[in-house]
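Work through the exercises below with the sequence and the 3D structure open. Try each task before reading its solution.

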Amino acid sequence: MTVERRLRDAMQARVEGVDAPTMSIRPERPRRVWPAVAAGFALIVVVAIVVALLASGHDDDPIPPASTPYPSRIVAVTTDGRVILASSKDGHALRTLASGALAGGGLAVSPDGRTVYYAEIEQAYCPGDPERIPVTRIMSIPVQGGTPEEIATNVRYPTVSPDGRYLAFTGIPNCSDAGQSVLVKDLYAGARSRGPYDGSWGPKVFAGTTLRGVGGLSWAPDSRHVLFTWFDAPGGQYTGVLDTRAPNTTFLDTSPRVKAKVDTTLCCYQGTRDTLVATVIAQDREHTWTADPRSGRLLDHLTCCGTVVSTDRAGAAFLTYWTDPTHPGGIYRWTLADRHRVFLGSLLFTAAWVPEAGAAR
Amino acid sequence: MTTADDGWGELAALYREHARLLVRLAVLLVDDVGIAEEIVQDAFVLVHRRLGHVERPVAYLRTTVVNLSRSRLRRRLVARRHPGLVERDAPAADERVGLRDDQRAVITALQRLPRRQREVLVLRYWSELSEDEIAATLGISNGSVKTHAHRGMAALEQELGT
């Protein structure tokens, strides 16, 4: 018998009878070594919070201004589709803002910290769409609560420019004439659209007819350039930079080495005011690559964070999604200052920092 | 129409259809059924975050399983160097009870191969992937796939004395 046949035979025998366990993939916290101590500590925390709330006399803004190197509040979409305002200290929910959101449809907060943008499920999928991709529309709602307002339909992954004027998002593939382009809406330009994309409510700045899998949108500090990812099967993911005023696109280093590094990518701009510094996260490899989007050259990399879902304005505090056998899956806080993960909640699917009022650029 | 499904229905369908094969793939990479099950569960958690964003979720799942298996093997190496850690560094003994001696020898030889060679052989001869698919899964060139496959088979022949 040839080695090849022996190998096939042995591998088949090794996995014979191995079956998948019952699906239970909603992550849970691992068992604690000192559950009684933990429970006691939790009780103390709860009592302290209740006392603080009573002392404050109202619940409009139960978290005091931050004395920490990161914003005191986050918004998050939970696994059951609620948009919540939560404390960034320990992840406890302060209020529910909306429901019916697509957990993986994106989330953004305006730079003044007043408005949340999220993707609400509009219909299960487009008629005739073989990929059955959920159709979403982007809604806005005040951080303090209120009535959700529709911004645009057949789109998702909202991202607000640092100056608060523009909202970038992507179209739903196979569902609208916008395809999966990167789209930009001028939030200052009068009435908001209530129909499918028709070009009337903002420039369709990038027609990604040859691109697929567009996502990971992130604005540069100049409120002009948008970083995004796309992929060309079977090669992997690329990272591109769109100039919304030209419009043209620069692609970051697409050498095989770099492409391999970013093949499962989210990305976000990090950083400084004058230089365009992109942070590219290779999710499964736990690396953050910093690149100059003008030249496409990689500058540095940092091993830290799992999947980064939000960075604060200074680029020093991250919200990340992390799961491995020793950590409960969910959202964590990670800062450059202390460089360790702080667990915020396993039911939080994605999250975004809420900038402190008055801290806008 | 609004639904609160959030992709869990689609994920459940993917799980029903592919989880068993992915667990088996992970078993061949890490040689431990329990760890393989954990890896696949984690992979599905990760892919859930990409539903609607990933064009080929099955390929994405397979790549994630390979990458997570690699991480677990790396952790196992660390555990071997630091015996106080709890990471199990060998599969449960009874997992190979059903194998004949010659099959056990092949699996042992497979596990001794360098990581990349083992991945290529498992993806080629068990998952039956094409060279292009293996290259895309591992993020390497087609030439590297050929090289690792050739070296892996040569090492197995030498180890097994055929």
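**Exercise 1.** Find which residues touch the most other members of the largest nonpolar core.

Solution. Start with the terms: a nonpolar core is a set of buried Ala, Val, Leu, Ile, Met, Phe, Trp, Tyr and Cys residues joined through side-chain atoms within 4.5 Å. Buried means under 20% relative accessible area, exposed over 50%, and partly exposed in between, with a 1.4 Å probe and protein chains only. The largest core has 55 residues, and A:Leu7, A:Met11 and B:Phe44 touch the most other members. Next, look at the elements that give two or more residues: helix H1 (3–15) of chain A is one of them, and those of chain B include helix H1 (8–30) and helix H2 (33–48). Helices (H or I, at least four residues) and strands (E, at least two) are DSSP runs, numbered from the N terminus. H1(B) gives the most, with 12 residues. Last, domain 1 (8–81) and domain 2 (93–160) of chain B both give residues to this core, so the core lies between them. The domain bounds come from an automatic or database domain assignment.

This is a predicted model: local features need pLDDT of at least 70, side-chain atom pairs count only at pLDDT 80 or more, and totals for chains, interfaces and linings use all residues. Residues are numbered from 1 along each chain as its sequence is written, chains are lettered from A and ligands numbered from 1 in the order in which they are written, and side-chain values use heavy atoms, with hydrogens and water left out.

**Exercise 2.** List the residues in contact with A:Met11, leaving aside its neighbours within four places in sequence.

Solution. Contact means heavy atoms within 4.5 Å. With those neighbours left aside, A:Met11 is in contact with B:Leu28, B:Ile107, B:Leu110, B:Leu121, B:Val122, B:Tyr125 and B:Trp126.

**Exercise 3.** Is B:Asp31 buried or exposed?

Solution. First locate B:Asp31, in the loop between H1 and H2 of chain B. Its phi is near 60 degrees, a positive value in a residue other than glycine. B:Asp31 has a relative accessible area of 3%, so it is buried.

**Exercise 4.** Describe the surroundings of A:Asp312.

Solution. A:Asp312 lies in the loop between strand E19 (307–311) and strand E20 (317–324) of chain A. A:Asp312 is buried, because its relative accessible area is 11%. Apart from neighbours within four places in sequence, the contacts of A:Asp312 are A:Pro69, A:Pro71, A:Ala317 and A:Trp353. Finally, the C-alpha atoms of A:Asp312 and A:Val354 are separated by 8.4 Å, with the two residues 42 apart along the chain.
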